[in-house]
Amino acid sequence: MKQWTKEIEIDAPIEHVWNFFNGSLENMQKIMPQVVENKPITIIDGMVGSVYLQKYKEGKRVMEYQIETLEYDDSPNAKKLKVGFTLANMFDITARYELVKLSDHRTSLTYTATNRPLKWFMKLFLLFSTDKIVVEFLQRVKEVAESEN
């Protein structure tokens with residue numbers, strides 16, 4: 001299994017940043033433009049265990065998978081969302097977003113991504129993987145949140 005964790009500070013209120021993760025599909029697409037659908041299948045009180053059908057466009061291909069909410073916290077000063085899914089029966093992937101209120105207009109976002117190969121030969125792909133995607137994602141969230149703030 002491979003894991004990447006990066007943190008960034010964003011000049012925007014915590015609720016504003018949280019809306020990109022916990023809001024509408026339109027808001028989610030601002031930071032994850034490849035997500036073309038995010039439809040609830042099962043919503044559980046407290047959110048943990050909720051399942052969504054998500055469609056993700058990679059080039060001309062659209063992949064479909066079920067995302068399960070593994071952790072969820074929507075407190076005023078700290079927010080957390082962790083989701084997990086299996087990609088193409090090849091990888092188990094988790095994404096964890098932690099937001100901490102630094103001030104009324106400043107938020108810390110920590111993003112942790114894990115990737116566990118389900119087939120032995122897929123382990124080779126992880127040997128060459130870097131944190132580039134994680135860094136680019138955090139930068140996109142920062143740019144979008146600050147431009148709309």
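Tutor: Helices (H or I, at least four residues) and strands (E, at least two) are DSSP runs, numbered from the N terminus, and two strands pair if DSSP finds at least two bridges between them. This is a predicted model, in which local features need pLDDT of at least 70, side-chain atom pairs count only at pLDDT 80 or more, and totals for chains, interfaces and linings use all residues. Residues are numbered from 1 along each chain as its sequence is written, and side-chain values use heavy atoms, with hydrogens and water left out.

Student: What makes strand β3 and strand β4 a pair?
Tutor: Strand β3 (residues 51-58) and strand β4 (residues 61-74) share eight bridges in the antiparallel sense, and the definition asks for at least two. L53 stands opposite Q66 in β4. The hairpin of β3 and β4 has two residues between the strands, and G59 there takes a positive phi near 70°.

Student: How do you know that β4 also pairs with strand β5?
Tutor: Six bridges join β4 to β5 (residues 78-87), and the two run antiparallel.

Student: Why is E58 called partly exposed?
Tutor: Buried means under 20% relative accessible area, exposed over 50%, and partly exposed in between (1.4 Å probe, protein chains only). E58, which lies in strand β3, has 46% relative accessibility, so it counts as partly exposed.

Student: Why is β7 said to be largely enclosed?
Tutor: Ten of the twelve residues of β7 are buried, so the rest of the structure largely encloses this strand. β7 is joined antiparallel to β1 by nine bridges, with Y111 in β7 as the bridge partner of K6. Twelve bridges join β6 to β7, also antiparallel; V100 stands opposite S108 in β7, and the hairpin of β6 and β7 has two residues between them.

Student: How do you know that the length of helix α4 agrees with its residue count?
Tutor: The expected span of a helix is 1.5 Å times one less than its number of residues. For the 17 residues of α4 (residues 132-148) that gives 24 Å, and the end C-alpha atoms are 24 Å apart, so the two agree.

Student: Which residues of α4 are buried, and what do they pack against?
Tutor: V134, F137, L138, V141, K142, V144 and A145 are buried. The buried residues of α4 pack against elements including β1 (2-10), β6 (91-103) and β7 (106-117), where contact means heavy atoms within 4.5 Å.
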